[in-house]
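Please walk through this model with the coordinates open.

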Amino acid sequence: QVQLVESGGGLVQPGGSLRLSCAASGRVFNTNTMGWDRQAPGKSRELVASITSGGTINYVDSVKGRFTISRDNAKNMVYLQMNSLKPEDTAVYYCNYHHYESGNMHTWWGQGTQVTVSS
């Protein structure tokens, strides 16, 4: 089992910034991928950004140039710096983690943190 605990959500005005953090604990593998999903009301969940333990990064097109994902492998932490926030970024953001074991992918999610972008 892997436990994920997020922090850093909140209310911010359009154009503002927030930084999300996520701490992984438990049976964390050295080789893994961590990232952030989000789900807005009435919409399906989407992968916002991901980063492998080797440093390979992917972003959904809608956040490129505004969000930056990073991680600290020694601390099993992943971060999402969100700049130039827009109302459409409003969602519950979920930290995710996955690793492979014996060819099978195992995935865990945190409890979610609310991000609200509104004036």
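What follows is a guided reading of a predicted model.

Start with the covalent link. The structure holds one disulfide. The partners are Cys22 and Cys95, with 2.1 Å from S to S. A disulfide is a covalent bond between the sulfur atoms of two cysteines. Here it links distant parts of the chain: Cys22 belongs to strand β3 (residues 18–26) and Cys95 to strand β9, 73 residues apart. The torsion about the S-S bond is -80°, and the link of Cys22 and Cys95 is left-handed. Are its ends buried or exposed? Cys22 has 0% relative accessibility, so it counts as buried. Cys95 is also at 0%, and therefore buried. The cut-off for buried is under 20% relative accessible area.

The largest nonpolar core has 28 residues. Which of them touch the most other members? They are Leu4, Trp36, Leu80, Met82 and Tyr93. Now look at which elements supply this core. Those giving two or more residues are β1 (2–7), β3, β4 (33–39), β5 (46–52), β7 (67–72), β8 (77–82), β9 and β11 (113–117).

Turn to the aromatic rings. The structure holds one aromatic pair. Its members are Tyr97 and Trp108, with ring centres 5.9 Å apart. Why is the pair called tilted? The planes of the two rings meet at 50°, so the pair is tilted. That angle class lies between stacked, under 30 degrees, and edge-to-face, over 60. Tyr97 sits in strand β9 (residues 91–101), and Trp108 sits in strand β10 (residues 104–109). The pair therefore ties together parts that are eleven residues apart in sequence. Both Tyr97 and Trp108 are buried.

Two other tyrosine rings carry a charge over the face. Arg19 places its charged end over the ring of Tyr79, 4.2 Å from the ring centre. Arg45 lies over the face of Tyr94, and here the distance to the ring centre is 3.8 Å.

What does the Asn96 side chain make a polar contact with? The partner is the side chain of Asp37, at 3.1 Å. Now widen the view to the residues that Asn96 touches, leaving aside those up to four places away in sequence. They include Thr33, Met34, Gly35, Trp36 and Asp37. Leu4, Leu47, Trp108 and Trp109 are also among them. Two of these names have come up already. Leu4 and Trp36 are among the core residues that touch the most other members. Trp108 is one ring of the aromatic pair.

Finish in the loops, with the backbone. Most residues other than glycine have a negative phi, and most peptide bonds are trans. Ser84 has a positive phi, near 50°. Where is Ser84 found? Ser84 is in the loop between β8 and β9. Its relative accessible area is 39%, so Ser84 is partly exposed. Ser102 also has a positive phi, of about 55°, although it is not a glycine. This residue lies in the loop between β9 and β10. At 73% relative accessibility, Ser102 is on the exposed side of the cut-off.

How values were computed:
Residues numbered from 1 in each chain as written. Predicted model: local features only at pLDDT ≥ 70, side-chain atom pairs only at ≥ 80, totals over all residues. Heavy atoms only, no water. Phe/Tyr/Trp six-rings, centres within 6.5 Å; stacked < 30°, edge-to-face > 60°. Helix = DSSP H or I, 4+ residues; strand = E, 2+ residues; numbered from the N terminus. Buried < 20%, exposed > 50% of the residue type's maximum accessible area, 1.4 Å probe, protein only. Lys NZ or Arg CZ within 6 Å of the ring centre and 35° of its normal. Disulfide = S-S within 2.5 Å. Core = buried A, V, L, I, M, F, W, Y, C linked by side-chain atoms within 4.5 Å. Polar contact = N/O pair within 3.5 Å; in protein donor to acceptor, adjacent residues only side chain to side chain. Contact = heavy atoms within 4.5 Å.
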